[in-house]
Amino acid sequence: MTAPVIRPPRSSIVSPPVIAGRNIRVTFGDNIALDGVDLTVRPGEVVGLLGHSGSGKSTLMKTLTRLTDFTADELTVAGRDVAQQNGSDLRSLRSDVGYVFQHFNLVPRLSALTNVLTGGLYDAGAVNLIGGFGRTQRVEALELLRRVGLEGKASQQSRTLSGGEQQRVAIARTLMQHPKLILADEPVASLDPRLAGTILTLLREIARERQVPVIVSLHVVGLARKYTDRVIGLRDGRTVFNSRAEELNEEAVSTIYGEHADIVEQ
Ligand SMILES: Nc1ncnc2c1ncn2[C@@H]1O[C@H](COP(=O)(O)OP(=O)(O)OP(=O)(O)O)[C@@H](O)[C@H]1O
Ligand SMILES: [Mg+2]
(Lines give C-alpha, C1' and ligand atoms only; values in the text may rest on other atoms or scores of the structure.)
(Ligands and ions follow the chains in the order given, each with its own letter.)
Protein backbone atom coordinates (compact mmCIF):
# COMPACT_ATOMS: atom_id res chain seq x y z
CA MET A 1 0.00 0.00 0.00
CA THR A 2 1.35 3.40 -0.88
CA ALA A 3 1.30 6.31 1.54
CA PRO A 4 -1.32 8.99 0.81
CA VAL A 5 0.04 11.80 -1.29
CA ILE A 6 -0.12 15.21 0.37
CA ARG A 7 -0.20 17.78 -2.38
CA PRO A 8 1.68 21.02 -1.91
CA PRO A 9 -0.36 24.23 -2.14
CA ARG A 10 -1.30 25.05 -5.72
CA SER A 11 0.89 27.60 -7.39
CA SER A 12 0.71 30.80 -5.42
CA ILE A 13 0.81 32.65 -8.73
CA VAL A 14 -2.43 31.26 -10.18
CA SER A 15 -4.64 31.21 -7.05
CA PRO A 16 -6.17 34.47 -5.92
CA PRO A 17 -5.60 35.04 -2.20
CA VAL A 18 -8.31 34.05 0.29
CA ILE A 19 -7.11 36.86 2.54
CA ALA A 20 -5.69 40.12 1.28
CA GLY A 21 -4.86 42.55 4.06
CA ARG A 22 -2.75 45.70 4.00
CA ASN A 23 -1.85 47.96 6.87
CA ILE A 24 -4.23 46.41 9.43
CA ARG A 25 -4.35 48.44 12.63
CA VAL A 26 -6.17 47.80 15.89
CA THR A 27 -6.03 50.03 18.95
CA PHE A 28 -7.53 49.61 22.40
CA GLY A 29 -7.36 53.06 23.99
CA ASP A 30 -3.64 53.92 24.07
CA ASN A 31 -2.62 50.33 23.41
CA ILE A 32 -1.72 49.61 19.78
CA ALA A 33 -2.49 45.90 19.40
CA LEU A 34 -1.81 45.73 15.65
CA ASP A 35 0.39 48.33 14.06
CA GLY A 36 0.17 48.08 10.28
CA VAL A 37 0.14 44.34 9.59
CA ASP A 38 -0.02 42.98 6.01
CA LEU A 39 -1.49 39.52 5.47
CA THR A 40 -1.85 37.59 2.22
CA VAL A 41 -3.00 33.98 2.46
CA ARG A 42 -3.50 31.59 -0.48
CA PRO A 43 -5.76 28.54 -0.86
CA GLY A 44 -4.33 25.43 0.79
CA GLU A 45 -1.65 27.33 2.68
CA VAL A 46 -0.95 26.76 6.37
CA VAL A 47 0.27 29.96 7.98
CA GLY A 48 1.68 29.90 11.50
CA LEU A 49 1.43 32.93 13.79
CA LEU A 50 4.18 33.23 16.36
CA GLY A 51 4.85 35.88 18.96
CA HIS A 52 4.86 36.58 22.66
CA SER A 53 1.70 36.65 24.66
CA GLY A 54 0.08 39.99 23.82
CA SER A 55 1.86 40.35 20.46
CA GLY A 56 -1.46 40.46 18.58
CA LYS A 57 -2.02 36.92 17.24
CA SER A 58 -5.62 36.51 18.42
CA THR A 59 -6.42 40.11 17.57
CA LEU A 60 -5.22 39.57 14.00
CA MET A 61 -7.50 36.53 13.68
CA LYS A 62 -10.41 38.52 15.09
CA THR A 63 -10.08 41.26 12.50
CA LEU A 64 -10.78 38.71 9.75
CA THR A 65 -14.40 38.27 10.82
CA ARG A 66 -14.72 41.72 12.38
CA LEU A 67 -14.83 40.39 15.91
CA THR A 68 -12.77 43.45 16.70
CA ASP A 69 -12.77 46.93 15.20
CA PHE A 70 -9.86 47.75 12.91
CA THR A 71 -8.69 50.06 10.19
CA ALA A 72 -6.88 48.89 7.06
CA ASP A 73 -5.96 50.06 3.59
CA GLU A 74 -7.46 46.77 2.45
CA LEU A 75 -8.90 43.68 4.12
CA THR A 76 -10.78 41.12 2.08
CA VAL A 77 -11.64 37.59 3.17
CA ALA A 78 -13.00 35.13 0.59
CA GLY A 79 -13.59 38.07 -1.73
CA ARG A 80 -15.55 40.14 0.81
CA ASP A 81 -14.48 43.54 2.04
CA VAL A 82 -14.53 42.87 5.79
CA ALA A 83 -15.04 46.49 6.88
CA GLN A 84 -18.16 46.76 4.72
CA GLN A 85 -19.97 43.68 6.08
CA ASN A 86 -23.02 44.24 8.26
CA GLY A 87 -26.07 42.29 9.39
CA SER A 88 -26.70 39.23 7.25
CA ASP A 89 -23.55 39.87 5.16
CA LEU A 90 -21.46 39.76 8.32
CA ARG A 91 -23.17 36.55 9.49
CA SER A 92 -22.52 35.06 6.10
CA LEU A 93 -18.84 36.05 6.25
CA ARG A 94 -18.56 34.50 9.72
CA SER A 95 -20.17 31.30 8.48
CA ASP A 96 -17.42 31.09 5.84
CA VAL A 97 -14.77 31.02 8.54
CA GLY A 98 -14.21 27.99 10.77
CA TYR A 99 -12.68 28.38 14.23
CA VAL A 100 -10.70 25.84 16.22
CA PHE A 101 -9.88 26.81 19.80
CA GLN A 102 -7.48 25.72 22.53
CA HIS A 103 -10.30 24.41 24.73
CA PHE A 104 -12.27 22.76 21.90
CA ASN A 105 -15.58 24.43 22.95
CA LEU A 106 -17.73 21.35 22.41
CA VAL A 107 -21.09 20.90 24.15
CA PRO A 108 -19.99 18.39 26.81
CA ARG A 109 -23.26 16.45 27.22
CA LEU A 110 -23.86 16.00 23.50
CA SER A 111 -22.44 13.15 21.46
CA ALA A 112 -19.49 13.61 19.13
CA LEU A 113 -21.90 13.29 16.18
CA THR A 114 -24.32 15.96 17.45
CA ASN A 115 -21.42 18.30 18.14
CA VAL A 116 -20.28 17.87 14.53
CA LEU A 117 -23.84 18.43 13.29
CA THR A 118 -24.02 21.79 15.07
CA GLY A 119 -21.30 23.01 12.69
CA GLY A 120 -23.85 22.86 9.87
CA LEU A 121 -26.55 24.86 11.64
CA TYR A 122 -26.09 27.95 9.54
CA ASP A 123 -26.87 25.95 6.39
CA ALA A 124 -29.62 23.87 8.02
CA GLY A 125 -32.00 26.79 8.62
CA ALA A 126 -34.85 27.05 11.12
CA VAL A 127 -37.07 24.35 9.60
CA ASN A 128 -34.46 21.68 9.94
CA LEU A 129 -33.67 22.83 13.45
CA ILE A 130 -37.22 22.16 14.55
CA GLY A 131 -37.38 18.83 12.77
CA GLY A 132 -33.93 17.70 13.90
CA PHE A 133 -30.96 17.09 11.67
CA GLY A 134 -31.63 15.65 8.23
CA ARG A 135 -30.29 12.36 6.92
CA THR A 136 -27.91 14.02 4.47
CA GLN A 137 -26.34 16.03 7.25
CA ARG A 138 -25.97 12.97 9.48
CA VAL A 139 -24.27 11.10 6.67
CA GLU A 140 -21.91 14.00 6.10
CA ALA A 141 -21.17 14.37 9.83
CA LEU A 142 -20.38 10.65 10.09
CA GLU A 143 -18.13 10.92 7.05
CA LEU A 144 -16.29 13.82 8.69
CA LEU A 145 -15.88 11.87 11.94
CA ARG A 146 -14.36 9.10 9.82
CA ARG A 147 -12.07 11.66 8.18
CA VAL A 148 -10.69 12.73 11.54
CA GLY A 149 -10.29 9.12 12.65
CA LEU A 150 -13.21 8.93 15.08
CA GLU A 151 -15.73 6.74 13.27
CA GLY A 152 -16.09 4.52 16.34
CA LYS A 153 -16.87 7.38 18.71
CA ALA A 154 -19.89 9.02 17.05
CA SER A 155 -22.34 8.31 19.87
CA GLN A 156 -19.94 8.94 22.76
CA GLN A 157 -20.60 12.01 24.92
CA SER A 158 -17.95 14.55 24.04
CA ARG A 159 -17.02 15.19 27.69
CA THR A 160 -15.81 11.59 27.94
CA LEU A 161 -13.45 11.93 24.97
CA SER A 162 -9.73 12.58 25.42
CA GLY A 163 -8.36 16.03 24.64
CA GLY A 164 -6.97 14.92 21.29
CA GLU A 165 -10.28 13.29 20.38
CA GLN A 166 -12.21 16.39 21.38
CA GLN A 167 -10.03 18.53 19.15
CA ARG A 168 -10.71 16.12 16.26
CA VAL A 169 -14.44 16.49 16.86
CA ALA A 170 -14.00 20.26 16.86
CA ILE A 171 -12.17 20.06 13.53
CA ALA A 172 -14.92 17.86 12.05
CA ARG A 173 -17.51 20.36 13.35
CA THR A 174 -15.65 23.17 11.60
CA LEU A 175 -15.59 21.21 8.34
CA MET A 176 -19.36 20.68 8.58
CA GLN A 177 -19.56 24.43 8.06
CA HIS A 178 -17.79 24.14 4.64
CA PRO A 179 -15.41 26.93 5.61
CA LYS A 180 -13.40 28.93 3.10
CA LEU A 181 -10.83 29.66 5.80
CA ILE A 182 -9.94 27.97 9.10
CA LEU A 183 -8.59 29.95 12.05
CA ALA A 184 -7.00 27.82 14.76
CA ASP A 185 -6.08 29.86 17.84
CA GLU A 186 -3.58 27.79 19.85
CA PRO A 187 -5.30 24.52 18.91
CA VAL A 188 -2.63 22.33 20.47
CA ALA A 189 -1.77 24.33 23.59
CA SER A 190 -3.65 21.83 25.81
CA LEU A 191 -2.28 18.70 24.14
CA ASP A 192 0.89 16.69 24.67
CA PRO A 193 3.60 17.06 21.99
CA ARG A 194 2.76 13.82 20.14
CA LEU A 195 -0.92 14.70 19.92
CA ALA A 196 0.00 18.23 18.90
CA GLY A 197 1.80 16.76 15.90
CA THR A 198 -1.19 14.60 14.92
CA ILE A 199 -3.64 17.48 15.13
CA LEU A 200 -1.38 19.81 13.14
CA THR A 201 -0.84 17.10 10.52
CA LEU A 202 -4.61 16.70 10.24
CA LEU A 203 -5.07 20.45 9.78
CA ARG A 204 -2.39 20.49 7.11
CA GLU A 205 -3.95 17.57 5.23
CA ILE A 206 -7.34 19.27 5.33
CA ALA A 207 -5.83 22.50 4.02
CA ARG A 208 -4.35 20.59 1.08
CA GLU A 209 -7.36 18.38 0.34
CA ARG A 210 -9.90 21.17 0.38
CA GLN A 211 -7.62 24.00 -0.66
CA VAL A 212 -8.79 25.84 2.45
CA PRO A 213 -6.11 27.92 4.12
CA VAL A 214 -5.45 27.47 7.83
CA ILE A 215 -4.03 30.18 10.08
CA VAL A 216 -2.73 28.65 13.26
CA SER A 217 -1.24 30.44 16.26
CA LEU A 218 1.37 28.46 18.15
CA HIS A 219 3.67 28.93 21.11
CA VAL A 220 6.24 26.32 20.11
CA VAL A 221 8.66 27.31 17.35
CA GLY A 222 9.49 23.70 16.47
CA LEU A 223 5.84 22.97 15.69
CA ALA A 224 5.58 26.00 13.43
CA ARG A 225 8.74 24.95 11.60
CA LYS A 226 7.53 21.40 11.10
CA TYR A 227 3.83 21.78 10.34
CA THR A 228 3.30 25.14 8.66
CA ASP A 229 4.21 26.44 5.20
CA ARG A 230 4.83 30.02 6.18
CA VAL A 231 5.33 31.80 9.46
CA ILE A 232 4.36 35.30 10.44
CA GLY A 233 6.16 36.53 13.52
CA LEU A 234 4.50 39.34 15.45
CA ARG A 235 6.18 41.51 18.00
CA ASP A 236 4.25 44.29 19.74
CA GLY A 237 1.68 44.26 16.95
CA ARG A 238 4.18 44.48 14.10
CA THR A 239 5.26 41.86 11.60
CA VAL A 240 8.93 41.14 12.24
CA PHE A 241 9.09 37.92 10.19
CA ASN A 242 7.08 36.69 7.21
CA SER A 243 8.71 33.88 5.34
CA ARG A 244 8.76 30.18 4.58
CA ALA A 245 8.80 28.00 7.70
CA GLU A 246 12.22 26.54 6.73
CA GLU A 247 13.69 30.00 7.03
CA LEU A 248 12.74 30.26 10.67
CA ASN A 249 16.31 30.08 11.93
CA GLU A 250 17.76 31.05 15.29
CA GLU A 251 18.20 34.66 14.26
CA ALA A 252 14.58 34.90 13.12
CA VAL A 253 13.41 33.36 16.40
CA SER A 254 15.31 35.94 18.42
CA THR A 255 13.91 38.72 16.23
CA ILE A 256 10.42 37.50 17.15
CA TYR A 257 11.00 36.69 20.81
CA GLY A 258 14.04 38.77 21.81
CA GLU A 259 15.84 37.63 24.94
CA HIS A 260 13.19 34.98 25.68
CA ALA A 261 13.84 33.04 22.48
CA ASP A 262 15.30 30.01 24.29
CA ILE A 263 12.04 29.09 26.09
CA VAL A 264 9.92 28.70 22.97
CA GLU A 265 12.36 26.55 20.97
CA GLN A 266 11.46 22.86 21.23
N1 LIG B 1 -10.87 43.49 23.96
C2 LIG B 1 -9.71 44.04 24.31
N3 LIG B 1 -9.67 45.17 25.05
C4 LIG B 1 -8.51 45.75 25.38
N5 LIG B 1 -7.29 45.27 25.01
C6 LIG B 1 -7.27 44.16 24.28
C7 LIG B 1 -8.46 43.47 23.89
N8 LIG B 1 -8.12 42.38 23.16
C9 LIG B 1 -6.77 42.38 23.11
N10 LIG B 1 -6.25 43.44 23.78
C11 LIG B 1 -4.83 43.77 23.90
O12 LIG B 1 -4.25 43.66 22.61
C13 LIG B 1 -2.95 43.10 22.69
C14 LIG B 1 -2.86 41.86 21.83
O15 LIG B 1 -3.65 40.82 22.42
P16 LIG B 1 -3.85 39.41 21.75
O17 LIG B 1 -4.89 38.70 22.52
O18 LIG B 1 -4.05 39.58 20.30
O19 LIG B 1 -2.43 38.72 21.99
P20 LIG B 1 -1.95 37.25 21.64
O21 LIG B 1 -0.73 37.39 20.80
O22 LIG B 1 -3.08 36.47 21.10
O23 LIG B 1 -1.51 36.70 23.07
P24 LIG B 1 -1.62 35.21 23.70
O25 LIG B 1 -0.44 34.47 23.16
O26 LIG B 1 -1.50 35.46 25.19
O27 LIG B 1 -2.94 34.64 23.33
C28 LIG B 1 -2.69 42.85 24.18
O29 LIG B 1 -1.98 43.94 24.68
C30 LIG B 1 -4.07 42.79 24.77
O31 LIG B 1 -4.08 43.19 26.12
MG1 LIG C 1 -4.11 34.81 21.79
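Four strands make up an open sheet, ordered S2-S1-S4-S5, with antiparallel pairing. Strands here are DSSP runs (E) of at least two residues, helices are DSSP runs (H or I) of at least four residues, and both are numbered from the N terminus. Two strands count as paired if DSSP finds at least two bridges between them. Strand S2 (31-41) and strand S5 (80-81) are the edge strands, each pairing on one side only. Strand S1 (residues 19-28) and strand S4 (residues 74-77) run antiparallel and are joined by four bridges. Ala20 stands opposite Thr76 in S4.

The model is predicted: local features need pLDDT of at least 70, side-chain atom pairs count only at pLDDT 80 or more, and totals for chains, interfaces and linings use all residues. Residues are numbered from 1 along each chain as its sequence is written, chains are lettered from A and ligands numbered from 1 in the order in which they are written, and side-chain values use heavy atoms, with hydrogens and water left out.

**Two residues of the sheet**

Arg22 lies in strand S1. Its relative accessible area is 42%, so Arg22 is partly exposed; buried means under 20%, exposed over 50%, and partly exposed in between (1.4 Å probe, protein chains only). Not counting residues up to four places away in sequence, Arg22 touches Val37, Asp38, Ala72, Asp73 and Glu74, where contact means heavy atoms within 4.5 Å. Arg22 and Gly36 are 14 residues apart along the chain, and their C-alpha atoms are separated by 7.3 Å.

Asp81 is placed in strand S5. With a relative accessible area of 35%, Asp81 is partly exposed. Leaving out residues up to four places away in sequence, Asp81 touches Leu75 and Thr76.

**Nonpolar cores**

A nonpolar core is a set of buried Ala, Val, Leu, Ile, Met, Phe, Trp, Tyr and Cys residues joined through side-chain atoms within 4.5 Å. The largest one has 49 residues, and Leu50, Ile171 and Leu248 have the most contacts inside it. H7 gives the most to this core, with seven residues. Apart from its neighbours within four places in sequence, Ile171 is in contact with Val100, Val148, Ile199, Leu202, Leu203 and Ile206. A second, separate core of 27 residues includes Val37, Leu49, Leu75 and Leu234.

Gln211 sits in the loop between helix H7 (193-210) and strand S8 (214-217). Gln211 counts as buried because its relative accessibility is 11%. The side chain of Gln211 reaches the backbone oxygen of Arg208 at 3.0 Å.

**Around ligand 1**

There are 13 residues around ligand 1, and Ser53, Gly54, Lys57, Ser58 and Thr59 come nearest; a residue is near a molecule if one of its heavy atoms lies within 4 Å of it. The table gives polar contacts, which are pairs of N or O atoms within 3.5 Å; within protein, one atom must be able to donate a hydrogen and the other to accept it, and residues adjacent in sequence count only if both atoms are side-chain atoms.

| Residue (polar side-chain atom) | Distance to an oxygen atom of ligand 1 |
|---|---|
| Lys57 | 2.7 Å |
| Ser58 | 2.9 Å |
| Thr59 | 2.5 Å |

Taken alone, ligand 1 exposes 640 Å², and the protein buries 61% of that. Accessible areas come from the Shrake-Rupley method with a 1.4 Å probe; for residues, only the protein chains shown count as cover. S2 and helix H1 (57-63) are the elements that give two or more residues to the shell around ligand 1. H1 gives the most, with three residues.
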